[in-house]
Amino acid sequence: MKVLYFAWLRTKAGVGEEEVAPPAEVTTVGALVEWLKGRDPALAEAFADMRLIRVAVNQDYAGLDHCVGTGDEVAFFPPVTGG
Amino acid sequence: MIRVQAEDFDAGAELAAFASGNGRVGGVCMFLGLVRDYMGDGTEVSAMTLEHYPGMTEKQLAAIETEARRRWPLEDTLIIHRHGRLAAGDRIVLVATASAHRDAAFESCRFLMDWLKTKAPFWKIEHTSAGDRWVEAKEADESQAARWNKA
């Protein structure tokens with residue numbers, strides 16, 4: 001599974017993208033967030049308030065209950081500010 | 001058409017070429033977004049850098065364009081959005097719409113900008129005399145985009 005971070009989340013995570021292999025019980029975005037928080041204190045801080053974070057699964061917006069699995073691309077980022 | 005690019009564009013040339021030769025077009029509306037040289041609190045902004053999510057950006061812009069064409073009878077649409085480092089005064093974004101009549105052109109142009117502001121994955125970091133600062137999303141942008149949800 002590929003995980004991407006953008007804007008200040010990328011700065012917090014220290015990387016723009018990483019390949020991760022969470023355990024089989026991680027089947028939703030919400031479970032992935034909890035798993036990522038457990039392995040990186042900086043991400044635990046960044047993900048403290050998920051209302052501030054937007055999520056995309058395979059380049060479409062998704063909620064915390066959205067399914068994720070092997071081969072998926074999951075991106076985390078702050079609300080967008082283009083235009 | 002959608003173009004996501006680092007290079008500048010010639011707004012006049014784009015407008016002249018847009019929907020040219022299509023005799024059904026009676027009105028064209030264009031919005032051009034520029035880099036302001038100040039922040040909300042008055043601090044001077046010398047430049048900004050636009051980061052985006054390659055792949056998702058194009059996918060979301062295409063979805064927004066499709067939605068505009070579903071809602072209005074459009075002959076053509078154009079979205080150009082730049083990324084990378086931009087100086088104060090530089091062009092950031094161009095949205096143009098063409099239709100037989102002005103209402104559809106005006107409304108869909110506004111719709112495209114409002115939805116782009118809240119859905120296209122771009123992020124701005126401003127470079128100021130006080131340091132670099134990630135721009136925060138504005139509540140007003142959400143409410144301006146939300147008013148199109150009723151349609």
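Analyst: A salt bridge is a side-chain nitrogen of Lys or Arg within 4 Å of a carboxyl oxygen of Asp or Glu. By this rule, two salt bridges are found across the interface of chain B and chain A. This is a predicted model, in which local features need pLDDT of at least 70 and side-chain atom pairs count only at pLDDT 80 or more, while totals for chains, interfaces and linings use all residues. Residues are numbered from 1 along each chain as its sequence is written, chains are lettered from A and ligands numbered from 1 in the order in which they are written, and side-chain values use heavy atoms, with hydrogens and water left out.

User: Why is the pair A:Arg10 and B:Glu51 called a salt bridge?

Analyst: The closest N and O atoms of A:Arg10 and B:Glu51 are 2.5 Å apart. The limit is 4 Å, so the pair qualifies as a salt bridge.

User: How many residues of each chain are in contact, and what area is buried between chain B and chain A?

Analyst: With contact meaning heavy atoms within 4.5 Å, 26 residues of chain B touch 20 residues of chain A. Buried area is the accessible area (1.4 Å probe) that two parts lose on being put together, summed over both; here it is about 1,800 Å², and carbon and sulfur atoms give 56% of it. On the side of chain B, B:Tyr53, B:Trp123 and B:Trp134 lose the most area to chain A, together 34% of what that side buries.

User: Why is A:Ala7 called buried?

Analyst: Buried means under 20% relative accessible area, exposed over 50%, and partly exposed in between (1.4 Å probe, protein chains only). A:Ala7 has 0%, and is therefore buried. Its phi is near 55°, a positive value in a residue other than glycine.

User: How do you know that the radius of gyration of chain A agrees with that of a compact globule?

Analyst: The radius of gyration is taken over C-alpha atoms, and the globule rule is 2.2 Å times the number of residues to the power 0.38. For 83 residues the rule gives a value near 12 Å; chain A has 12 Å, so the two agree. Buried residues make up 47% of the 83 residues in chain A.
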